[in-house]
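User: Hey, I'm new to reading structures. Can you go through this one with me?

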Amino acid sequence: MEEPLIPVVPMSHTAHIRSHRKPRPRSSSALAMRAGVAGGVLGTLAVAGAAGTANAAEPVTQTIELPALTADMTAQVAESAEVTQQAAADYQLRAERDAAAEKAAKQAKSDLADAKKKAEAKEKAEAARKEAAERATRSAGRTTLTTASTAASSDAVAPASGSVGTVISFLRAQVGDAYVMGASGPDAWDCSSLVQAAFKQVGVDLPRVSQDQSVAGTPVSLSNIQVGDILYWGGAGSAYHVGVYIGGGQYLDAANPSKGVVIQDLSGYPASGAVRVL
């Protein structure tokens, strides 16, 4: 079968140029069709987009709308953050100070305990030293008195004469008088007032108190004491008691409120030292 012949229509030599093409008239039906197709496509895209958005938003049950940050709100947030930071710094500083104070208190407590221990040890050592010194003094006194009693046995036989005899006679006359602290005779005495009154009989002016009487004359060793020497107990210049040696290892003193003025043995209460004023 022969193919039909297509008639060839000659074209203008400018027909291939767009600007020289004559516009073809479009019918209203073609325009409507194109608009419908485009609308359908756009509708389909809109439905698909809405479905995708709905599927993506399913987990969200509530939408919270955040407020917009203004300059004032930003400043307030910054100020709040600064205050919080400063409060944290202050808290840390207080914690460090408290820790330092607690450490210092513990150290002070430890130092105080050590100081107390050292003080107690020192007191014990001092007490032991004093006790040893007193034992040595008592032992030396007993030895001295034994020698002195032997050497001075003649004193007990021959009474003292002169000024010493006058002093001893006065003292013996007061035996049996009362002891009263601060009294100065004639019927009541304390230790130093009795010694002062005895030596006043021979014109010797002695101080009133035992501390001063213990340094009023020439110091004498206990191994060389003689009748009429003043005996003292305690340190020279700080003596707390005095009496007078009357020979034979004895002394006369105003002892205490329970004894009064008596004669006693040195062996029972050794003296610490002696002075001679006659």
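Predicted model: local features only at pLDDT ≥ 70, side-chain atom pairs only at ≥ 80, totals over all residues.

User: Which side chain does Arg276 meet in a salt bridge?
Analyst: That's Asp229, at 2.9 Å from N to O. A salt bridge here is a side-chain nitrogen of Lys or Arg within 4 Å of a carboxyl oxygen of Asp or Glu. Arg276 sits in strand β8 and Asp229 in the loop between β3 and β4, so the pair ties together parts that are 47 residues apart in sequence. Asp229 is buried, with a relative accessible area of 2%.

User: How many salt bridges does the structure hold?
Analyst: There are 3. One of them joins Arg208 and Asp190, 3.2 Å from N to O. Arg208 is in the loop between α5 and α6 and Asp190 in the loop between β2 and α5, so this pair links parts 18 residues apart in sequence.

User: And what about Lys106, which residue does it pair with?
Analyst: Lys106 forms a salt bridge with Glu102, with the closest N and O atoms 3.7 Å apart. They're 4 residues apart in helix α2, which means about one helical turn separates them. Lys106 counts as exposed at 56% relative accessibility, and Glu102 is partly exposed at 46%.

User: How do you decide what's a helix or a strand?
Analyst: They're DSSP runs, numbered from the N terminus: helices are H or I with at least four residues, strands are E with at least two.

User: OK, switching to strand β4. Which way do its residues point?
Analyst: Ile230 and Tyr232 point one way, Leu231 and Trp233 the other way, and all are buried. β4 runs antiparallel to β5, joined by 4 bridges, and antiparallel to β8, joined by 3 bridges. Two strands pair if DSSP finds at least two bridges between them. Trp233 stands opposite His241 in β5, and Ile230 stands opposite Val275 in β8.

User: Which residues touch the most other members in the largest nonpolar core?
Analyst: Out of 26 residues, those are Ile168, Leu171, Trp189, Leu194, Val195, Phe199 and Ile230. α4, α5, β4, β5 and β6 are the elements giving two or more residues to this core. The largest share, 6 residues, comes from α5. Apart from this core lies another of 9 residues, including Leu231 and Leu266. A nonpolar core is a set of buried Ala, Val, Leu, Ile, Met, Phe, Trp, Tyr and Cys residues joined through side-chain atoms within 4.5 Å.

User: Last one: what covers the buried residues of α4?
Analyst: The cover includes β2, α5, β5 and β6. The buried residues in α4 are Val164, Gly165, Val167, Ile168, Phe170 and Leu171.

Conventions. Residues numbered from 1 in each chain as written. Heavy atoms only, no water. Buried < 20%, exposed > 50% of the residue type's maximum accessible area, 1.4 Å probe, protein only. Contact = heavy atoms within 4.5 Å.
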